[in-house]
Amino acid sequence: MQDDNISEIKVDDQKIIDNKELNIWEALIPLVVLVGLLAYNVLVAFGDYSIEGPNQFALIFAAAVAAIVGFRNKVSYKRMLEEVAENVRSTTSALLILLMVGALAGTWLISGVIPTMIYYGIQILNPSIFLGACVIICAVISIATGSSWTTSATVGIALVGIGDALGISLGMTAGAVLSGAYFGDKMSPLSDTTNLAPAMAGTDLFTHIRYMAFTTVPTIIVTLIVFIIIGFTQTTVGSTDTSEITNLISSKFNTSPLIFIVPLVVVVLIVKKVRPLVALFIGTMLGGVFAIIFQPEIIKAVSGSDVVDFKSSYQAIINAITIETKLESPEAYEKLFKAKGMFGMLNTVWLIVCAMVFGGVMDAIGALARITKSLLKMAKSVFGLFASTVASCLALNVTASDQYLAIVVPGKMFKKAYEDRGLAPENLSRTLEDSGTVTSVLIPWNTCGAYQSGVLGVGVAEYFFYAIFNWLSPFTTLLFAAFRIKIRQLQGKLA
């Protein structure tokens, strides 16, 4: 049999494949090829346009290299294809949500939802408090919904638009949005990753959340302080500029407060635990209805008709849902009056599918397990164990392109090592979240990085530095480990 040296460990429908034939250097070859190609695409050949195809092919090419490594190590083509299919299948919900977010952005533009949010937002939130407010607003919404993705797809889009109108860098606003959204995602008992991490480590949900607060709360406080300082250093947009954008919005849209019913309904649905895909679909449809009721002139402009009837309304709504909608506006504000619809999400969908192909092949040949095992062998001390866990989560986010695998694989591999060192399982679950969950959004080809950059319309490179909470969290958990702060022993005592 060709696959005699390959075994599977099933964990909540996630399989960890271990290939005894594969060594660490072979496991790293596809990763080195991928990083080299991505770097060349971005830095030399294509620049910002690398996301429109070159990076996707880099993932496919690296997957082909991984397949060759697999063939040399007695992994069958059938097994690799099965793992790729399983990986792609696992992203079905994410891909559909992405398409629905594009649709929602389109109807929320023509219905005036997003312009109305911007209209009132720039009058309430001035630049000096805006970034800090973004962190807090997104944290609250994310705790309530348990989803950083939903937070970005609703209030996140509006906040980026408000920030742009205030003259604040898109990267800054996106970083503040993601910092707050991922804090709430980590601390919410409704979050899937917050439930997955303790399940992998062998502790209960609320013990995990309480113990995670030791590192998460100081990190978000530092993040908030930094954004407040940045806010006070921002050059305030003058009243003339602010009045210019508000006058432009009010001249094009009916900015009735009644329009806020649409986003309010979506938030209520999600808080009531309605599936995000269903809530976003309802929000999209409501946006279309409100466009007909409140924005007849926009309906005419988008449909190219002189009257608002069934045909013109249908054309305007379907166009907004499916393709780019661009309303006439001064060049300085054209981004605020443009939505890309489902079509605008196709690059991101393409990137995720290609990333899942690479991750599937890497998993099938046993490279993910081999990299994690090699990191585990480097853990010679308590700090080394924590550092190896962090490194493993980061490596899995890069190689597997999926935050769930970045929690499941290290969680399973490191569980016994923590027990052998007399460490309580909540140490592991906390470290998995501090390094696996939050850093996924910092990898452009990871499902989370691709999703968030696609939804917010801001590249990962633009928001990376400003996603302070996300890159600071692994350092915080390592700092606590280095100084033995809140490191709980199995018997319940703190080391």
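This is a predicted model: local features need pLDDT of at least 70, side-chain atom pairs count only at pLDDT 80 or more; totals for chains, interfaces and linings use all residues.
Figure 1. Helices (H or I, at least four residues) and strands (E, at least two) are DSSP runs numbered from the N terminus. Arg488 is partly exposed at a relative accessible area of 22%, while Glu426 counts as buried at 8%. Buried denotes under 20% relative accessible area, exposed over 50%, and partly exposed the range in between (1.4 Å probe, protein chains only).

**Figure 2. Salt bridge between Lys186 and Asp434.** The structure holds 5 salt bridges; in this one the closest N and O atoms are 2.4 Å apart. Lys186 belongs to helix 8 (residues 170-187) and Asp434 to helix 20 (residues 425-437), so the contact ties together parts 248 residues apart in sequence. Both Lys186 and Asp434 are buried.

**Figure 3. Salt bridge between Glu297 and Lys300.** The closest N and O atoms lie 3.4 Å apart. Both residues are in helix 14 (residues 296-303), and because they are 3 residues apart, about one helical turn separates them. Lys300 is partly exposed, its relative accessible area being 24%.

**Figure 4. Lining of the largest pocket.** This pocket contains about 1800 Å³ of space. On a 1 Å grid over the protein atoms alone, a pocket is an open set of points with protein on both sides within 12 Å along at least five of seven lines, and lining residues have an atom within 4 Å of a point. Grid points are joined across faces, edges and corners, and the volume is the space filled by probe spheres set on the points. Of the 50 lining residues, Lys340, Ser453, Gly457, Val458 and Gly459 lie nearest the centre. Elements that give two or more residues include helix 1 (24-45), helix 7 (148-165), strand 4 (338-339) and helix 16 (346-364). Helix 21 supplies the largest share, 5 residues. The lining divides into 28 nonpolar, 13 polar and 9 charged residues.

**Figure 5. Nonpolar surface patch of Tyr40, Val42, Leu43 and Val44.** Together these residues have about 440 Å² of accessible area, computed by the Shrake-Rupley method with a 1.4 Å probe. Patch members have over 30% relative accessible area and no salt bridge, and nonpolar side chains are joined within 5 Å. Val42 lies in helix 1 and is partly exposed at 39% relative accessibility.

**Figure 6. Positive phi values at Lys74 and Lys486.** Lys74, in the loop between helix 2 (54-72) and helix 3 (77-90), has phi near 65° and is partly exposed at 43% relative accessibility. Lys486, in the segment after helix 23, has a phi of about 55° and is partly exposed at 30%.

Technical notes:
Residues are numbered from 1 along each chain as its sequence is written. Side-chain values use heavy atoms; hydrogens and water are left out. A salt bridge is a side-chain nitrogen of Lys or Arg within 4 Å of a carboxyl oxygen of Asp or Glu. On a 1 Å grid over the protein atoms alone, a cavity is a set of points where a 1.4 Å probe fits but cannot get out, and a pocket is an open set with protein on both sides within 12 Å along at least five of seven lines; lining residues have an atom within 4 Å of a point. Ala, Val, Leu, Ile, Met, Phe, Trp, Tyr, Cys and Pro count as nonpolar, Asp, Glu, Lys and Arg as charged, and the others, Gly among them, as polar. Patches are made of residues with over 30% relative accessible area and no salt bridge: like charges are joined within 9 Å, nonpolar side chains (Val, Leu, Ile, Met, Phe, Trp, Tyr) within 5 Å.
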